Amino acid sequence: MMAASPRVLDLQGIGKTYRVRGQASASHLRALDDVSLAVDRQQIVGVVGESGCGKSTLARIIIRLETPTEGTALFEGTEIHALRGAELLAYRRRVQLVFQDPYSALAPRMSVEDAIEEPLKIHKIGTAQDRRLQVTKLLDLVGLARELGRRYPHQLSGGQRQRVNIARALALNPRLLLLDEPVSALDVSIQAQVLNLLRDLQQELGLTYVFISHDLRVVNYLCTIVAVMYLGRIVEYGPLQVVFQQPRHPYTLALLQSIPDHTTHSGRHTVVLRGEVPSPVAVPSGCAFHPRCPLAREICRVERPALRSTGPGHVAACHFAEEVSATALIPHMAASTSWP
């Protein structure tokens, strides 16, 4: 039995390397590098970064679709990749994933009722009557009319499909929900409805979320803690208001300043991202961000900065963290209660 713990998820030094075969020789792709992340009960932790930074690989490791090359992943104090048999089955009930694409996440020939009921049948929970009653409750919970249960995915809108996916994820009464870009395929008005639903469900059910997104506005709206990833590493982590109002890594500041109509109080702190994200097969030496960073100096090219404290609960991996945004405030990115 896995003991209850205030800390739901504790990742310690997670690394993931893939062997890539080329025409001449094999090389290695470093998808994750020394990632540590703590998630406490009922927190909403956002993981942000550009495509290819390792966010989805991290989710697959948490959900046990991938095995880390190094490091330890603990769920309520137990190493998840050591679980077998009944303990593994219990873990799969406690941790659920909501996928990015609401269209491909549902079987086209399975009705909404059947799709939501399927996890209950797989885990042999309740009688057929009990399961149908639970499906009805779940439809109510996610704000879907009960008659929609008899429809098929192609008869639903994108927002309705994502509500079905959320209901399906909640069927097993999980403790941790992994949300991998859950609103990126929806238009802005529908995004607002789904985000509000997720916020209400988290409060009503006491859920814990790991929310993966490239959209900082979405993270700002929903999350309380944020981890910023770049080329497989966490480069900044802390309370959302601190990270978004006083970023200490130039990559975080650049992401914030790339938002349309975004300004800071101090122009001298403006950081413009240049070039493309380097290949994870050939990660630059020193600070991996230095080829794109206008603040880079010689030490950045030769010495990789460690994550270090830059304030209460706030860490950043930058040699010059105190110089990055000493006075720059991000006014309209302060914690938001409206969308967008």
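Biologist: How many salt bridges does a search of the whole structure find?

Modeller: The search finds 18 salt bridges. Keep in mind that this is a predicted model.

Biologist: What is the mean pLDDT of the protein, and where is the pLDDT below 50?

Modeller: The mean pLDDT is 88, and 89% of the residues reach 70 or more. Residues 262-268 fall below 50, and beyond near neighbours in sequence this stretch has 15 contacts in the model. The pLDDT is also below 50 over residues 327-334, a stretch with 33 contacts beyond near neighbours in sequence.

Biologist: Back to the salt bridges. Which residue forms a salt bridge with Glu66, and are the two buried or exposed?

Modeller: The partner of Glu66 is Lys16, with the closest N and O atoms 3.7 Å apart. This pair links distant parts of the chain, 50 residues apart: Lys16 lies in strand β1 (residues 7-21), and Glu66 lies in the loop between α1 (55-62) and β4 (70-75). Both Glu66 and Lys16 are buried.

Biologist: What about Arg217 and Asp215?

Modeller: Their side chains meet in a salt bridge, at 3.1 Å from N to O. Arg217 is partly exposed because its relative accessibility is 34%, and Asp215 is buried because its value is 15%. Elsewhere, salt bridges that share partners join Glu113, Asp114, Glu117, Arg131 and Arg132 into one network.

Biologist: How should I read the nonpolar cores?

Modeller: In soluble globular proteins, nonpolar side chains tend to be buried together. Here the largest nonpolar core has 64 residues, of which Ile116, Ile166, Tyr209, Phe211, Val219, Val228 and Phe244 touch the most other members. Another core, of 33 residues, lies apart from it; Val47, Cys53, Ile63 and Ala73 are among its residues.

Biologist: Which residues does Val228 touch?

Modeller: Leaving out residues up to four places away in sequence, Val228 touches Val48, Arg233, Ile234, Val235, Glu236, Val243, Tyr251, Thr252 and Leu255.

Biologist: What span should helix α4 have, and which of its residues are buried?

Modeller: Helix α4 (residues 128-141) has 14 residues, so at 1.5 Å a residue it should span 20 Å; its end C-alpha atoms are 20 Å apart, which agrees. The buried residues in α4 include Arg131, Val135, Leu138 and Leu139. These cover an arc of only 100° around the axis, so they lie on the same side of α4. What covers the buried residues of α4 includes α3 (112-122) and α5 (158-170). Just after α4, Gly143 takes a positive phi of about 80°.

Biologist: Where are Asp34 and Gln42, and what is the phi of each?

Modeller: Asp34, in strand β2, has a positive phi near 55° in a residue other than glycine. With 44% relative accessibility, Asp34 counts as partly exposed. Gln42, in the loop between β2 and β3, has a positive phi near 70°, also in a residue other than glycine. Gln42 is partly exposed, with a relative accessible area of 49%.

Conventions:
Residues numbered from 1 in each chain as written. Heavy atoms only, no water. pLDDT = per-residue confidence, 0-100. Contact = heavy atoms within 4.5 Å. Salt bridge = Lys/Arg side-chain N within 4 Å of Asp/Glu carboxyl O. Helix = DSSP H or I, 4+ residues; strand = E, 2+ residues; numbered from the N terminus. Buried < 20%, exposed > 50% of the residue type's maximum accessible area, 1.4 Å probe, protein only. Core = buried A, V, L, I, M, F, W, Y, C linked by side-chain atoms within 4.5 Å. Expected span 1.5 Å × (residues − 1). Arc of directions from axis to C-beta.
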